[in-house]
Amino acid sequence: MSIEIKAVKRDVKGTGASRRLRRAGSVPGVVYGGDQAAVSIELNHKELFMEFRHEAFHASILNLVLDGKAESVLLRDYQLHPVRNTIQHIDFQRVSATEKIHVKVPFHFTNEDVAPGVKTGGGSISHIQTEADISCLAKDLPEFIEVDLGKLEAGHSIHLSEIKLPKGVEFVQLAHNDDAAVATILKPRGGSDEAAEETPAAE
């Protein structure tokens, strides 16, 4: 899915100018990276927010059309108003087709209800990580990574090394020998075995 956002160059800078832009329904921002200089931009808040609220916007290559010229970018940072939840500022980074990028991508957990540790073990699932830092070329960037919990037993965890990744994608943590747990199934408190031990045998 290709997400397109439109922007124009912003000539006037400074706190006062940014405040006036926001009052007029625009969002100040910047696009940087690659072999080009950073460019101050402004975007229509209503159009931007319609895309911003979707998960894919935060972990996809975006098509930024700046003054009619398209370029591939990634969302790198943003600031939200603490009360109104409007976008106050946004940063994009240009993407090269030949250089690997580091991006945080969300996990999508599947088969939680049929996991043996839940279905027959009575346990509950704990999501230790909800996203991961991955490395890949722009063309290989997935919108999310699926984590299948269908075979997980109570008291067991699934680690990064056990997750199937799309071709060309790798976990940054694994590259640094950190095979972190992603999700675990917690054993139920006061399970049947414990109850049996605590119940006196009939005389």
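Is Glu71 buried or exposed? Glu71 is buried, with a relative accessible area of 17%; buried means under 20%, exposed over 50% and partly exposed in between, using a 1.4 Å probe and protein chains only. Keep in mind that this is a predicted model, where local features need pLDDT of at least 70, side-chain atom pairs count only at pLDDT 80 or more, and totals for chains, interfaces and linings use all residues. Residues are numbered from 1 along each chain as its sequence is written, and side-chain values use heavy atoms, with hydrogens and water left out.

Let's step back to the whole protein. You'll find five helices and 13 strands, which are DSSP runs numbered from the N terminus (helices are H or I with at least four residues, strands E with at least two). The radius of gyration is 23 Å, well over the 17 Å that the globule rule gives for 203 residues, so the protein is more spread out than a compact globule. That radius is taken over C-alpha atoms, and the rule is 2.2 Å times the number of residues to the power 0.38. Of the 203 residues, 37% count as buried.

Now for the charges. There are two salt bridges, each a side-chain nitrogen of Lys or Arg within 4 Å of a carboxyl oxygen of Asp or Glu. In one, Glu71 pairs with Arg94, with the closest N and O atoms 3.1 Å apart. This pair links distant parts of the chain, as Arg94 sits in strand S6 (residues 87-94) and Glu71 in strand S5 (residues 69-80), 23 residues apart. Arg94 counts as buried too, at 10% relative accessibility.
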